[in-house]
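Here is a short briefing on a protein model. Look at the sequence and the structure first, then work through the points below.

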Amino acid sequence: MQQQKTTHLKYFGIPRILPYLSSLKKIILAMVFFGLLGSLTDIILPLFQRYALDHYVGLGVLDTIVPFVILYILTIVIAAVANYIACALAISVEMRANRDLRQRGFEHLQTLSFSYFNQNSVGYIHARLMSDTSRIGSLVSWTLVDCVWRLSYLIGAIAVMLVLNAKLAAMVLSILPLLLLLYSVFQKKLIRVNREVREINSQITGNFNEGITGAKTIKSMAIEEKMEDRFKDGTHSMRKKSVQASRLRGLFAGTMNLASSIALAIVLWKGGYIATEELGTFSVFMSYAQGMMEPLRWLVDILSDLVTTQVNIERFTNLLAVKSDVTDTPEVIEKYGDILNPKRENWEELRGDIEFRDVTFQYPDGEETVLEHFSLKIPFGSHLAIVGETGAGKSTLVNLVCRFYEPIQGQVLIDGRDARERSQLWLHDSIGYVLQTPHLFSGTIRENLLMGNPDATDEQIWHAIHAVSAGDIIAHLEHGLDTDVGEGGDLLSTGEKQLISFARAVLADPKILILDEATASVDTLTEAKIQAALESVTAGRTCLMIAHRLSTVRNADMILVVRNGRIVEQGKHSDLLKHRGYYYELYTRQYEDEATAKLLT
C-alpha cells in the first residue's frame, strides 16, 4: 500500500516541488494538524446522533442529557475553531508559496546565459513564473488542506462503519475498486489534454505580450488585422482544446459520481433491515454515506486538478533544472561569491587587459565554427573596433569578453588570467555596455542612472551626463533628473534614451567599455554628441566598439573586419585601406552612399 502511495505522489510530481517549499514545512504541518482536528470532529458528530437515538429515544431516559449537550457544543466549537485556523493557514501557505517559488524562479533566471533567452519567448517564461506557480501555490495550500480533511473523513468514517456493522460497511466499500478502475482509464487522457492546454496558453501569453510591446511596429505596419487573426487562432485552439478537456473531466466526474451514489443506494436498501433493531447505527450509516458523497465528488475533481497541476509542476521544475551554458566553478563561488551573493571583499581590481589565446567557438544552437584557433591581445587602454555588414557576427568577440558565452577551446584572459578563474559578476561589474537599442527601466532618469552606480552623488551624476553631452537634454525636460521615462523608456526619444544609457555606463566607471553600434539608431545630432564624447569617455579604459558606420572607427588602435561570422582582416584604418581588401570595399561603398546622400540633401 505504501509503495502504491509513493508511486502516485511521484506520478503527480509532488516530490519534485517539495525541495523548493522547505521553508514552509512548519506552517504546512500546522495547517495539516488543524485540518485533521476539524475532520475528527466531523467524524465524531454522527456518533452523538447514534447515542441520542439509542439512549434518549430507544430507552426513553434523559439521565445524561446535560453532559451530552456540553460535549456536543464543545465538539462543534472545536470544529469551527479548527476549520477557521486551517483556512487562515491555507491562505498564508498559498501566498508564501507563490512568493517563494516566483522569487526562486526569478533568481534562477538571473543565472542563465543569453542562449536560454534567445531560445525561449517572454510569454513562455512568464507563464512558468506566474501561472504555473499560482497553480502550485493553490495545490500546497487549499488542495492539501482539503485533501487532509476529506481523506481523513473518509478513512475515519470507514473505520467507524466497520466497527459498527462490518457486513454493511463492506457492501458500501465494494464500490471503491470501480472508482479506481475509472480513474486509471481517464488519467492518461486527462494528462495529455491538459499538457496541450498549458502549452497553447503559453503561446497565447507570448502573442499577447508581443501585441503590447510591439504596438508601435504593429501600427506603423498596419498589421492590426493580421495580429488579431493570429491571436484569434491561438484562442480558438485554446477554446477547442479546453472544451475537449472539460468534456473529459465532465465524463470522468459523471461516471465517478454515479458510482459513488450507488453506495448511498446500498445503505438505503440494506439499511431497512436493521433500522427497526439498530436505529442509531442506521442513522450513523446514513450520515456517513451522505457525508462521503462530497469527499468522493471532491476526489473526482482533485484527481483531475492533480493531473493538470502535474503539468504545472513539470514546467516550473524543468525551468529550475535548466543549467546555464556559462557557470562558475564551486572553487570560484567559494572565493568570489555568485551572482546574487557576491564576496566583493575578495575581488581583485580589474585593470582591463584582454587576450584571446587559441580560441575556438561556436554558438550552442549552431553547427558552424565562428572562431577557430583565434589569438589576439588587447592591452589596457586600447580602442578596438569590430566592423562588418549587418548579421556578419560582430558581437561574437564581445560576447566572449563578457562571458555571455564561453569558448569550446582555448582561453579568454582578463589581466593575464583565464576569465573562468574569477566570477562572472566580478567581470560584469567592471564592464560598461551601451546597446544599439537602449533599454531603460521604469522609473525616473535619476533612478536609471543610479543603476550604474547606486552610491553616486549628484555631482558624479552630472559629471557623467556632461561627459556624454546629455546636459542640454536633461535641462529641457520639465522635471529634469526626476522625469519619468515610462516602461522601457518609451516616453523619451531613441536619442535621449541612448545618451542616458551612455551616461549610465560612464557613471559605473567601468574599466572595459563596450559600445554595440551605439550610434546606429540615433539621429545625426545625437551621433555627433556621442562621437564628441568618445575621446574623453574612453580615455583610461579598454574600449571595444562594434560599428556599422566605418567613419566612427578611423582612430581605433585596431580594427577587426568580420564577414560571414569570421574575422577576415585586422589592422589600423590606414593599413586596411592600403590593403584594398574587404574593408576597403565596405569603406568606399559607405563613403559613396554618404556623399550621394549629402549631394541630394
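A residue counts as buried when its relative accessible area is under 20%. Buried residues make up 47% of the 601 residues in this protein. The model is predicted. Its secondary structure comes to 21 helices and 10 strands. Among contacts between residues at least 6 apart in sequence, 78% join residues at least 24 apart.

**Nonpolar cores**

- The largest nonpolar core has 46 residues. Leu449, Phe502, Leu515, Ile559 and Tyr583 have the most contacts inside it.
- Which helix gives the most to this core? Helix α18, residues 494-507, does, with 7 residues.
- Leu449 is in contact with Ile461, Ile465, Leu481, Ile500, Ala503, Arg504 and Leu507, leaving aside its neighbours within four places in sequence.
- A second, separate core has 36 residues. Phe356, Val401, Phe404 and Val412 are among them.

**Leu371, a residue in a strand**

- Leu371 lies in strand β2, which covers residues 371-378.
- Is Leu371 buried or exposed? Its relative accessible area is 4%, so Leu371 is buried.
- Leu371 touches Val359, Thr360, Phe361, Thr396, Leu397, Leu400 and Ile567, not counting residues up to four places away in sequence.
- Take one of these partners, Leu397. Leu371 and Leu397 are 26 residues apart in sequence, and their C-alpha atoms are 9.0 Å apart in space.

**Gly581, a residue in a loop**

- Gly581 lies in the loop between α20 (573-579) and α21 (582-600).
- With a relative accessible area of 14%, Gly581 is under the 20% cut-off and therefore buried.
- Gly581 touches Glu569 and Leu576, not counting residues up to four places away in sequence.
- Gly581 and Glu569 are 12 residues apart in sequence. From C-alpha to C-alpha, Gly581 and Glu569 are 8.1 Å apart in space.

**Aromatic rings**

- A pair of aromatic rings is described by two values: the distance of the centres and the angle of the planes.
- The count of aromatic pairs in the protein comes to 13.
- Tyr363 and Tyr405 form an edge-to-face pair. Their centres are 5.1 Å apart, with 90° between the planes.
- What does this pair tie together? Tyr363 lies in the loop between β1 (354-361) and β2, and Tyr405 lies in the loop between α13 (396-401) and β4 (409-414), so the pair ties together parts that are 42 residues apart in sequence.
- Tyr363 has 22% relative accessibility, so Tyr363 counts as partly exposed. Tyr405 has 6%, so Tyr405 counts as buried.
- Ring pairs also link Phe48, Phe68 and Tyr72 into a cluster.
- One ring has a charge over it: the charged end of Arg128 sits over the ring of Tyr124, 3.5 Å from the ring centre.

**Cavities**

- How many cavities of 30 Å³ or more are there? The count comes to 3.
- The largest cavity holds about 100 Å³ of space.
- The largest cavity is lined by 14 residues. Ala518, Thr519, Met545, Ile546 and Thr552 are the closest to its centre.
- Two or more residues of this lining come from each of α19 (524-538) and β8 (542-547).

Terms used
Residues numbered from 1 in each chain as written. Predicted model: local features only at pLDDT ≥ 70, side-chain atom pairs only at ≥ 80, totals over all residues. Heavy atoms only, no water. Helix = DSSP H or I, 4+ residues; strand = E, 2+ residues; numbered from the N terminus. Buried < 20%, exposed > 50% of the residue type's maximum accessible area, 1.4 Å probe, protein only. Contact = heavy atoms within 4.5 Å. Phe/Tyr/Trp six-rings, centres within 6.5 Å; stacked < 30°, edge-to-face > 60°. Lys NZ or Arg CZ within 6 Å of the ring centre and 35° of its normal. Core = buried A, V, L, I, M, F, W, Y, C linked by side-chain atoms within 4.5 Å. 1 Å grid on protein atoms, 1.4 Å probe; cavity = no way out; pocket = protein on both sides within 12 Å on 5 of 7 lines; lining within 4 Å. Points joined across faces, edges and corners; volume = space filled by probe spheres on them.
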